[in-house]
Structures are given as C-alpha cells and as structure tokens.
Amino acid sequence: MATASEQMTGGVAAEREHFFIGGEWVSPSSDKTFDLVNASTGQVFGRVPEGVEADMDRAVAAAKAAFEGGWGQTSARERAELMRKFAAALEKRGGDLASTVSRQNGMPVALAQQFEGGFPVAMLQFYAAIADEMQEEEERKNAMGQRTLVRRTPVGVAAGIVPWNFPVVLSMTKICPALAAGCTLVLKPSPGTSLDWYIVAEAAQEAGIPAGVINWVPGDREAGAYLVSHPDIDKVAFTGSTAAGRKVAQACGERLRPCTLELGGKSAGIILDDATLDEEMAQGIAFASLLNNGQACLASTRILAPKSRYDDVVEFMAGVASSLKVGDSMDSSTQVGPMASREHRERVLGFIEQGKKEGARCVTGGGSAKDLDGWFVEPTIFADLDNNANIAREEIFGPVLCVIPYEDEAEAIAMANDSPYGLGGTVWSADHERALNVARQVQTGSIGVNGYSLHLGSPFGGVKASGLGREFSGETLGHYQQLKSIYLMN
Ligand code: NAD
C-alpha cells in the first residue's frame with residue numbers, strides 16, 4: 001500500500017515505492033525510478049520504482065509458486081467466482097482508473113471512463129461466464145468408434161507485456177483469459193503508464209485473488225526482454241509495436257515458447273461512392289480514425305476515397321478533423337488530447353514534415369497546437385498523395401490521416417490490401433450488402449461496416465505484420481491452455 005509520504009493526485013497516490021509481487025507490496029531491488037508526467041501540461045506529477053532483472057526473477061518465482069501451489073488445480077467455477085469479485089472491486093475504482101490513465105497518456109477523460117474505467121469490468125464478467133461453462137475434460141468418439149478423453153490444462157506462468165495507449169484494457173486482455181484458464185501472470189506495464197496498475201492490483205487484493213496469481217513489475221524494454229526469455233515463463237502475451245513484436249517472437253521461437261502478438265496497424269477506411277457524408281458518418285469516422293488522439297492500433301488512418309467524389313471527401317474529412325475540440329485530457333469536453341510523451345509528439349510531427357516534403361497537400365492541421373503547454377498535435381488531414389507515400393505506409397500513431405484517391409471498388413480493395421499491416425478497417429456505404437461484400441475482401445483481422453467498435457466476445461487481432469493470435473473472445477482461452485488426448489483403448 002501507499003506509504004504516508006506518498007503524494008496524492010486526484011485521490012490516487014502518485015509517489016509509489018513498491019511492486020506487487022506474491023500478494024504483497026514489496027520494495028524494489030534497485031533505486032531506479034520512472035517519473036510520471038502529465039501529458040497535457042508536461043509537468044512531473046509522480047514517481048514509481050523501475051523494475052530490474054532481480055525484480056522480474058522474484059515476480060516469476062511468485063507466479064510459478066502460485067501456479068504449482070494450487071491455482072493451476074482450482075476449478076474453473078472457483079476462478080469465475082473470484083473474477084466476479086475482482087470485477088466488483090474494479091468497478092468501484094473506475095473513476096480513479098480513468099483519471100489516472102488520462103493524466104498519464106493524454107487519453108480524453110470521457111473516453112478513459114468508457115474504456116479504461118468501464119470495459120475491464122465487463123471483460124472480467126465475460127471471461128467469468130466462460131469459466132463457468134468451461135469443460136476441462138471432454139470425451140470424443142470418432143466414426144471408427146475410437147474414444148478419446150481430451151483434457152484442457154492451463155499452460156502455466158504467462159508474461160503479459162503491454163504498451164501505454166490503453167494500459168488497463170490491454171492488461172485485462174491478458175489477465176482475464178489467463179485467470180479463466182487457470183494460469184498465473186507477471187505483468188510488465190510500460191514506463192509512461194506505471195501508475196494505473198497500482199489501482200488494479202489493489203482491486204485484485206481486495207477481491208481475494210490468491211498471492212502470486214497476478215504480479216506487476218513496471219520496467220523498460222530491457223526488463224521486458226528479460227521477462228520474455230525467463231526460463232520459468234510458459235507463454236508470452238505481447239501488445240506493442242511490430243518492431244518489438246518481431247524481437248519477442250524471435251526470443252520465443254528460440255525457446256519454442258507460445259506467444260500471441262498484438263502489433264501495429266495502418267488500416268484502410270474505404271469510402272464507397274454512395275456513402276452519405278453526413279453528421280452520423282462524421283461522428284463514426286472520427287471515432288474509427290482518430291480514437292485516443294490517433295494513438296490506437298486499429299485506427300482507419302488511410303482514407304480511400306473514390307476519384308468521382310474526391311474533393312467532397314477531402315472537404316468532409318477536413319471538416320471532421322477541424323471540428324474536434326483539442327485540449328487538456330482531463331476536461332470532459334475534450335475530444336483530442338495530447339500525445340503521450342514529448343518524444344512521441346516529435347515522432348508524429350516528423351511524419352507531418354515528411355508528408356509535406358513528399359508533396360502531399362496538408363488540408364488542415366499540420367503542426368503542434370501552439371497555444372497549449374502539453375504535447376499536442378493538431379488533427380491533420382493530408383490529400384493528393386498515393387498509397388506508396390511513406391506517410392501512407394508507416395504507422396504514425398497520432399491524429400494524422402491521409403485521403404488517397406481510387407478509381408473503382410476493385411482498386412480500393414487492392415489498395416486496402418497493399419499494406420504490410422492488417423489489423424482494423426472500415427467500409428462506408430449507403431448499401432449495407434455492398435459494404436459487406438467489400439469488407440469480406442479486405443485482408444484484416446477486424447473491419448467495421450459504417451463504423452467501428454470492438455465487440456467483447458468477437459475475436460480481435462491482426463494478420464500480416466499486425467500480429468499472431470486473437471484477444472477479446474472465447475477463442476483466446478486456447479492460447480492459455482494445453483490440449484492433451486488420452487486414448488481410451490478399452
Ligand atoms: P513498444 O513496442 O515500444 O512497447 C510496448 C511494450 O513492450 C512496452 O511495455 C515496452 O517496454 C515493451 N518492449 C519493447 N521492446 C521489447 C522487447 N524487445 N521485449 C520485451 N518487451 C519489449 O510500443 P509502444 O510505443 O509502447 O506502443 C505503441 C505500439 O503498440 C503501436 O505500434 C501500436 O499499434 C501497438 N498496439 C497494438 C495493439 C493491438 O492490439 N494490436 C494495441 C495497442 C497498441
């Protein structure tokens with residue numbers, strides 16, 4: 001728990017001195033720390049300890065002991081009951097989670113309330129219901145009369161590594177299926193969002209999640225790489241950039257360790273020539289393309305527009321971008337907050353400069369929001385570029401969209417598929433069947449018709465350089481389980 005000296009910010013202590021390992025608040029092995037910086041002001045508001053290899057060793061040992069000491073043998077129904085208690089404890093802390101995330105990474109607080117504050121509760125309840133119905137053993141009989149007992153057992157200790165953009169939801173995409181399956185975990189949050197997990201850990205403790213079942217140690221990428229390669233880790237669940245995902249996959253390949261990878265994206269928003277460019281679509285495309293200040297892996301950031309209506313679409317998208325309210329993430333009316341860090345803002349501005357140099361026309365935005373102190377970037381629309389421009393191929397991870405012209409539907413589909421990535425996407429049309437037919441042909445893990453929203457229970461994940469495996473669904477449980485066939489010969 002927080003010590004008396006810990007500074008309070010908005011009700012949540014922002015100076016922390018411990019990690020959560022083996023069900024206890026333990027002191028770190030080193031005196032290294034991370035500063036917590038308010039993305040909207042650039043001001044330091046707290047400090048947390050930084051995990052090093054010795055801390056990871058302790059966390060993995062605690063997770064292993066908890067797995068072998070009983071959690072791996074609990075019934076799925078017992079685990080479901082605990083998950084519901086965890087959900088109730090988290091629900092009480094929804095407001096604190098939302099404001100803490102918003103302050104750290106610039107997510108507009110209204111969005112943070114919906115996602116970081118609310119969605120994790122629904123996720124725990126969803127996976128608790130799956131655990132309730134879970135059959136650990138199933139007898140199968142084939143056409144030749146052979147009988148097999150198929151057993152599902154938890155894979156063991158999972159390492160969960162998450163980025164800063166949706167820190168709570170993305171941690172829960174690992175925690176929920178792992179708990180349902182009977183695995184234990186070590187979570188490594190990203191340095192910039194190292195405060196929210198204290199709130200989640202306090203909820204887990206209040207719910208009575210047994211000691212060592214979930215352990216949290218924030219650290220940098222070296223600490224993450226150490227965790228991925230640790231000999232006592234049985235499975236890795238990683239969310240982050242494609243570049244880091246390749247390194248994680250390499251380390252797991254070396255050890256023949258199962259891993260799921262949720263990586264980057266550069267998804268297409270295909271506007272068909274019959275789309276109604278109205279207020280409803282404006283709201284839908286703002287969400288699908290500029291969610292979380294554009295810091296969303298699934299965003300439709302390549303807007304593909306029919307040549308016959310190109311000028312209309314460019315004008316429409318410029319209107320969408322310029323109408324969004326940019327401001328302090330903690331203001332409930334803000335629609336676009338700052339970038340999560342100074343370095344990230346410099347990276348996004350670098351892409352904007354590159355777009356201008358490449359000859360694309362900057363229709364609106366195109367710089368930092370100069371009257372604001374934090375790390376703001378104006379919502380920016382580029383036009384008059386093709387799908388080969390660097391800013392149309394690279395993931396920018398900021399509020400920067402490209403509007404690219406296409407000749408006909410076939411070319412739109414080919415362009416959507418001409419990307420190293422395949423994570424999200426949208427199709428916009430007045431004709432539902434026509435849009436659905438286009439959606440079926442896009443090489444991607446998920447795509448929305450006339451909007452985009454993650455549906456709990458439906459698989460989410462990427463194809464190509466966007467990842468391996470799926471989250472948010474019952475299918476995810478399979479990533480945390482081993483299958484064993486016992487052949488019944490008599
Ligand atoms: P990042 O890859 O730099 O870091 C992600 C996490 O991995 C951090 O905790 C980091 O410390 C850790 N890490 C980095 N290198 C590592 C390594 N070699 N071994 C182990 N751990 C390592 O990404 P970021 O900048 O924090 O997040 C943004 C990226 O995440 C974007 O590319 C975005 O598309 C992606 N993302 C994907 C999804 C998805 O579901 N597909 C969701 C959110 C974000």
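A polar backbone atom of Val-162 sits 2.8 Å from an oxygen atom of the ligand, which counts as a polar contact here (a pair of N or O atoms within 3.5 Å). Keep in mind that this is a predicted model, where local features need pLDDT of at least 70, side-chain atom pairs count only at pLDDT 80 or more, and totals for chains, interfaces and linings use all residues. Residues are numbered from 1 along each chain as its sequence is written, and side-chain values use heavy atoms, with hydrogens and water left out.

Now step back to the whole shell. There are 28 residues around the ligand, and Val-162, Lys-188, Ser-241, Leu-263 and Glu-395 come nearest (a heavy atom within 4 Å counts as near). Helix H7 (221–228) is among the elements that supply at least two shell residues each, and H7 gives the most, with four (helices are DSSP runs of H or I, at least four residues). Domain 1 (4–263 + 465–487) and domain 2 (267–455) each contribute at least three residues, with bounds from an automatic or database domain assignment.

Key: Polar contact = N/O pair within 3.5 Å; in protein donor to acceptor, adjacent residues only side chain to side chain.
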